[in-house]
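Subject: Structure for your review

Dear colleague,

Please find the structure below, handed over for your own work. The findings follow it.

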Amino acid sequence: KEYRMKEAKVSSEFKTDIVLVWEKLTNHEDFHWREGIRESVKIDENSYYEIDINGQRTDYKILEKIPMERLYLSMENKKTKSTVDYTFHPLEAGCEVKAYQKTEFKDTWTGLFAGSFIDIGKLQLRYFYLAKKSLHEL
């Protein structure tokens with residue numbers, strides 16, 4: 001089962017104030033800056049789902065949300081089940097955001113394929129890059 005689980009810890013420094021970074025990364029209704037997301041639908045205060053450009057639905061549940069400190073959520077779709085823990089740390093100029101993601105692949109073939117080709121750390125860094133671009137840091 002080792003091949004079915006992946007973990008990643010990454011961090012990124014933002015030049016933008018922590019309040020604006022928090023708003024960018026936690027507002028699921030503002031998804032247009034993200035690649036591959038076609039739709040985001042709020043279910044209630046702590047859950048929503050997204051539809052990607054391939055029509056795949058991913059369900060999100062907010063497990064803990066402490067403004068400007070922590071966003072801990074779970075994500076699940078047909079192929080994977082994940083948790084992501086984002087922590088926000090103020091810096092003199094801007095902030096640092098750390099992400100810890102654990103992903104379990106639901107079937108053997110997806111796990112074997114993902115184990116060889118998908119780097120969830122790089123996916124998180126891409127997410128941070130796109131957020132920086134949307135915040136006009138790049």
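Which residues lie nearest the centre of the largest pocket, and how many residues line it? The model is a predicted one, and in it the largest pocket is lined by 45 residues, with Arg34, Ile37, Tyr60, Met75 and Leu123 lying nearest the centre.

The largest pocket

The space in the largest pocket comes to about 1300 Å³. Its lining divides by class into 22 nonpolar, 14 polar and nine charged residues. Three helices, H1 (18-26), H2 (108-117) and H3 (120-134), each supply at least two residues of that lining. The largest share, six residues, comes from H3.

Strand pairing

E1 (residues 5-14) runs antiparallel to E7, and 10 bridges join the two. Within this pair, Lys6 stands opposite Thr103, and Ala8 has Gln101 as its bridge partner. The pairing of E6 with E7 is likewise antiparallel and extends over 11 bridges. There, Tyr86 stands opposite Ala99 of E7. Four residues lie between the strands in the hairpin of E6 and E7, where Gly94 takes a positive phi near 100°.

The two faces of E1 may be of use when you set up side chains. Lys6, Ala8, Val10, Ser12 and Phe14 form the covered face, whereas Met5, Glu7, Lys9, Ser11 and Glu13 form the uncovered one. Ser12, in strand E1, counts as buried, with a relative accessibility of 10%. The side chain of Ser12 makes a polar contact of 2.7 Å with that of Lys132. Beyond its neighbours within four places in sequence, Ser12 is in contact with Cys95, Glu96, Val97, Phe128 and Lys132.

Helix H1

The N-terminal end of H1 is capped by Asp17, a side-chain oxygen of which lies 3.0 Å from the backbone nitrogen of Val19. The buried residues of H1 are Ile18, Val21, Trp22, Lys24, Leu25 and Thr26. Among the elements that cover these buried residues are the strands E1, E4, E5, E6 and E7, together with helix H3.

Individual residues

Is Asn77 buried or exposed? Asn77 has a relative accessible area of 12%, which is under the 20% limit, and it is therefore buried. A polar atom of the Asn77 side chain lies 2.8 Å from the backbone nitrogen of Thr80. Setting aside neighbours within four places in sequence, the residues in contact with Asn77 are Gln56, Arg57, Thr58 and Lys106.

Ser47 belongs to strand E3. Its relative accessible area is 9%, so Ser47 is buried as well. A polar contact of 2.9 Å links the side chains of Ser47 and Asp44. Ser47 also touches Lys42, Tyr60 and Lys61, when residues up to four places away in sequence are not counted. Tyr60 has already been named among the residues nearest the centre of the largest pocket. Between Ser47 and Asn77 there are 30 residues of separation in sequence and 14 Å in space, C-alpha to C-alpha.

Asp107 is located in the loop between E7 and H2.

Yours sincerely

Methods: Residues numbered from 1 in each chain as written. Predicted model: local features only at pLDDT ≥ 70, side-chain atom pairs only at ≥ 80, totals over all residues. Heavy atoms only, no water. Buried < 20%, exposed > 50% of the residue type's maximum accessible area, 1.4 Å probe, protein only. Polar contact = N/O pair within 3.5 Å; in protein donor to acceptor, adjacent residues only side chain to side chain. Contact = heavy atoms within 4.5 Å. 1 Å grid on protein atoms, 1.4 Å probe; cavity = no way out; pocket = protein on both sides within 12 Å on 5 of 7 lines; lining within 4 Å. Points joined across faces, edges and corners; volume = space filled by probe spheres on them. Nonpolar A, V, L, I, M, F, W, Y, C, P; charged D, E, K, R; others polar. Pairing = 2+ DSSP bridges.
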